[in-house]
Amino acid sequence: VLIITSPQAWKTTSDAVERSLSDYDLRYQVEFLPGDCTKPAIEALTAQARTFGAELILGIGGGRVLDVAKAVGDILGQIPVIAVPTIAATCAAWSPISVIYSDSGAHNGAFPLTRLPVWVLVDSEIIAHSPSRYLKAGIVDALAKWYEFQPYLRHGDSGLALALKAQAARLAVETFNTYGEQAIADNEQGLVTPALRSVIDAVIALAGLANSMKDEVPRIGVAHAIHNSMTRLPELHDWLHGEKVGFGLAAQAFLEHDNDADREELFAQLRRYGSPITLSALGLNERPQLVESIAQNVKIAPKIAARLPFATDAERIQQALWSTQTLETRVIDSHAA
């Protein structure tokens, strides 16, 4: 067994994992991922797995660790991968892709996998004792699936894969509406409860399931496309994936809807889970050159853009990014009232 992990995740899990592997006389080697899920990191760990003669890859940690573990298993000829997420910040444990980043942390595209992990093992106790910021980000990343699918559906996309994606995503939204705030409170108390378990399942399994439905029609989530551009800015590297996606959703709402009333339900969700929804929150309100850079580097292929009911050119996206600043004024006004 080749174990791919991070120092923090291994500190949390090593006692139980090493005891279990030793009880069954399983040979194992532990390798730490030094940073992001990059092509050189995948190549180095694939070489380590070959040298060791690994028959199974065990990924233990957050999204970047699990993405590397999945990619290594795929490159080695589909040897089995077991994913053990120690936080519920994304659906990476389940998702059939590995997201590749550059050495500087910029999004470089997705590596499609030929199969999913054979197991996803979730210890709710470990996740209950992780910072709630991760769970909030995971909820928003999962919510994004629903809001990103809607424009395609409204524009007449009747693909079966999209319909199935939307069903799974809708169930996740309903789970968060019922249990989300309670789960966050339980996480902050370090308590494993039915609410927390339900929300963890929605973040990892339901969102991962929604991400797994594929057909021949190319689509991209607009909020994720904005997120991908945001990763190019070192100034934003301290924000979690789901937090940047949350800002992308706020911008998407201005691209998609002309009326405040049509955007309010989404904004309420984003506020509930602490997403940055204005340029000010990101520290970009006085850095117009960076805002322009984000807009210019949002990549949506023309054949995908044609399936959306709104424009996604750089000028329109930049306008939407600046429009998020009106949300700051509205919050101040409501407090004054």
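Here is a short chat about helix H9 and its neighbour H10 in a predicted model.

Student: What should I know about the model before we start?
Tutor: Residues are numbered from 1 along each chain as its sequence is written. The model is predicted, so local features need pLDDT of at least 70, side-chain atom pairs count only at pLDDT 80 or more, totals for chains, interfaces and linings use all residues, and side-chain values use heavy atoms, with hydrogens and water left out.

Student: Is Glu 243 buried or exposed?
Tutor: Glu 243 sits in helix H9, residues 241–256 (helices are DSSP runs of H or I, at least four residues, numbered from the N terminus). Buried means under 20% relative accessible area, exposed over 50%, partly exposed in between, with a 1.4 Å probe and protein chains only. Relative accessibility here is 8%, so Glu 243 counts as buried.

Student: How are H9 and H10 oriented to each other?
Tutor: H10 covers residues 260–272, and the two axes lie 10 Å apart at an angle of about 170°. Axes are lines fitted to C-alpha atoms over the stretch in contact, with angles from 0 to 180 degrees between N-to-C directions. Under 35 degrees counts as roughly parallel, over 145 as roughly antiparallel, 65 to 115 as roughly perpendicular and the rest as oblique. H9 and H10 are therefore roughly antiparallel.

Student: How is the pair of Phe 254 and Phe 267 classed?
Tutor: Rings of Phe, Tyr and Trp (its six-membered ring) pair if their centres lie within 6.5 Å; planes under 30 degrees apart are stacked, over 60 edge-to-face, the rest tilted. The structure holds 1 aromatic pair. With centres 5.7 Å apart and planes at 35°, Phe 254 and Phe 267 are tilted.

How values were computed:
Helix = DSSP H or I, 4+ residues; strand = E, 2+ residues; numbered from the N terminus.
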